[in-house]
Amino acid sequence: MPRQMTLIGFYKIPTAHYTGMWRHPHSATNLLDPALPMHAAKVLEEGLFDMIFMSDGIVTPATFGDRFDETLRSGSQGALELEPSVVLSMMATATSRIGLGGTMSTTFMPPFHIARILGSLDVLSGGRAAWNIVTSHNDVQAQNFGSDTILPADQRYDRADEVTEAVTGLWSSWEADAVVVDKQTGVFVDPEKVHHVDYEGEHVKVRGPLSIPRSAQGRPVLMQAGSSNRGMEFGARWGEIIFVMGHTPEALHKQRAAMRAKVAELGRNPDDLKVAALVQPIIGETEAIAREKQEFIRSTVSVDAALAVLSAHTGIDLSAMPRDTAVSAIVDQLGGPGARGTAALLNQANDAGTDGITLEEAARKFGASGLTPQVVGTGEQVAEQLRELFDAEAADGFMIDPTEMPGTFESFTRAVVPHLQRMGVFRTAYAGETLRDVLGLPSVVS
Ligand SMILES: Cc1cc2nc3c(=O)[nH]c(=O)nc-3n(C[C@H](O)[C@H](O)[C@H](O)COP(=O)(O)O)c2cc1C
């Protein structure tokens with residue numbers, strides 16, 4: 001079978017990367033009704049997506065003007081953040097095949113907690129869970145978890161290695177056939193097939209075993225999105241799906257090749273890694289309608305809301321900075337935790353213009369898509385652009401960044417997926433029951 005594309009839907013409320021998503025006339029308003037995430041998951045399952053994914057920021061962003069006011073007032077990213085595993089559990093009950101990806105931070109969550117929550121989701125969903133492993137970014141997050149400051153980035157990744165070793169150890173603490181449940185003999189679980197983990201690192205310590213058996217797919221799929229050298233090293237060791245952001249096909253191709261090379265260096269098969277690029281599709285009945293939609297999105301960006309998100313991402317309070325400051329001048333200041341990826345993206349956006357862009361122009365771009373590349377056109381044209389990126393090996397698949405919730409998922413499923421299928425780059429039926437089967441990833445034995 002020819003190489004098949006991986007598709008992941010980014011479920012995020014009130015907004016994903018387009019700061020005005022919740023205000024879009026086609027977006028739902030029942031944001032706290034479980035019917036909304038359940039519907040979104042069902043729509044993506046109809047479109048045979050590999051997974052629905054939820055990120056988690058674990059803080060109300062408050063860098064802009066040193067207050068959370070603009071974030072909350074404008075409903076920009078982080079204004080509302082439901083705990084992913086709870087929402088994913090509801091999605092699980094509404095679906096039977098689609099993967100369920102959730103984010104948990106290795107910096108703040110103990111390994112037993114992570115292993116148990118995602119392990120439970122994995123067991124109860126029939127082997128459909130995935131863990132987006134993040135190390136978090138800043139002190140304000142740490143302040144929600146009992147510390148004044150966050151560990152330095154490299155130490156966070158050292159801790160993440162230990163937490164992931166412990167979590168995967170816990171997920172392996174029950175042998176596959178440990179559960180007996182034989183009413184005749186009265187044996188519930190074979191204790192010979194359940195083992196302590198006795199993990200002891202510099203940062204974490206856990207005895208185990210886990211209090212739940214293995215899932216149908218052995219353990220949840222591991223996802224990651226590091227962009228620093230240390231982050232990529234971590235991703236190469238653990239990642240089965242890696243998220244990337246790139247402004248050009250060349251930049252994406254380079255990132256994918258670099259990740260595959262690092263994976264191979266560690267003795268893993270690079271084909272066991274799916275590199276998923278973020279894209280924001282804008283789909284119209286005609287190309288002209290799609291362009292109008294793109295312009296509508298651009299024109300409804302709030303510069304303050306975008307600057308609030310950008311401030312949170314870079315760790316720099318951009319509230320008092322003159323709007324006509326050249327972006328190149330700001331990029332030079334971006335050295336803080338979590339800022340490198342944003343700085344690199346701003347540089348790419350900047351390079352796209354001949355004279356460079358101002359802070360206000362950057363905020364308008366950032367507020368429309370978070371600098372995620374927009375893919376604009378009819379369903380067929382969007383499918384064609386994705387197929388080109390896929391065929392050029394710029395990515396193994398895509399994370400679909402919505403501009404309307406759940407409208408983007410509905411139009412993508414109905415207008416784009418059939419063309420991808422016709423082109424032979426996307427499945428026409430789910431292969432197998434578990435997420436690992438669907439992704440074509442090896443099952444976990446040990
Ligand atoms: C698509 C995508 C989703 C991400 N989701 C989260 C998230 O939910 N929570 C989080 O703290 N960081 C998230 N990140 C940030 C990454 O985990 C990572 O920290 C960032 O890309 C910077 O890389 P570095 O950690 O190597 O510096 C995400 C990044 C991308 C590209």
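A: Start with Glu 360, which is partly exposed because its relative accessible area is 27%. Buried here means under 20% relative accessible area, exposed over 50%, and partly exposed in between (1.4 Å probe, protein chains only). This is a predicted model, in which local features need pLDDT of at least 70 and side-chain atom pairs count only at pLDDT 80 or more, while totals for chains, interfaces and linings use all residues. Residues are numbered from 1 along each chain as its sequence is written, and side-chain values use heavy atoms, with hydrogens and water left out.

Q: Which side chain does Glu 360 meet in a salt bridge?
A: That of Arg 364, at 3.2 Å, N to O. A salt bridge is a side-chain nitrogen of Lys or Arg within 4 Å of a carboxyl oxygen of Asp or Glu. Arg 364 is also partly exposed, with a relative accessible area of 27%.

Q: Where do Arg 364 and Glu 360 lie?
A: Both are in helix α13, 4 residues apart, which is about one turn of the helix. Helices (H or I, at least four residues) and strands (E, at least two) are DSSP runs, numbered from the N terminus.

Q: Which residues of α13 are buried?
A: Helix α13 covers residues 359-369, and its buried residues include Leu 359, Ala 362, Ala 363 and Phe 366. Just after α13, Gly 370 takes a positive phi of about 60°.

Q: Back to charges. How many salt bridges are there?
A: The count by that rule is 24. One of them pairs Glu 433 with Arg 97 at 3.1 Å, N to O. That pair links distant parts of the chain, 336 residues apart: Glu 433 is in the loop between α15 (407-422) and α16 (435-439), and Arg 97 is in the loop between α3 (84-94) and β3 (99-105).

Q: Are those two buried or partly exposed?
A: Glu 433 counts as partly exposed at 49% relative accessibility, and Arg 97 counts as partly exposed at 25%.

Q: New topic. Where does UniProt place the "binding site" feature?
A: The unreviewed UniProt entry puts it at Asp 56, Thr 103, Tyr 157, Ser 227 and Ser 228. UniProt positions are given in the numbering used here, feature names are shortened, and annotations may be inferred rather than shown by experiment.

Q: What about Tyr 157, buried or exposed?
A: Buried, with a relative accessible area of 11%. Tyr 157 is in helix α6 (residues 153-171). Not counting residues up to four places away in sequence, Tyr 157 touches several residues, including Ser 228, Arg 230 and Phe 234; contact means heavy atoms within 4.5 Å.

Q: And Ser 228?
A: Ser 228 is buried too, with a relative accessible area of 15%. Ser 228 lies in the loop between β9 (221-224) and α7 (229-238).

Q: How covered is α7?
A: Mostly: 7 of its 10 residues are buried. What covers those buried residues includes β4, α6, β9, β10 and α8 (249-265).

Q: Which way do the side chains of β9 point?
A: Val 221 and Met 223 point one way, Leu 222 and Gln 224 the other, and all are buried.

Q: What does β9 pair with?
A: Strand β4 (residues 129-134) runs parallel to β9 and is joined to it by 3 bridges. Strand β10 (residues 241-244) pairs with β9 in the parallel sense over 2 bridges. Two strands pair if DSSP finds at least two bridges between them.
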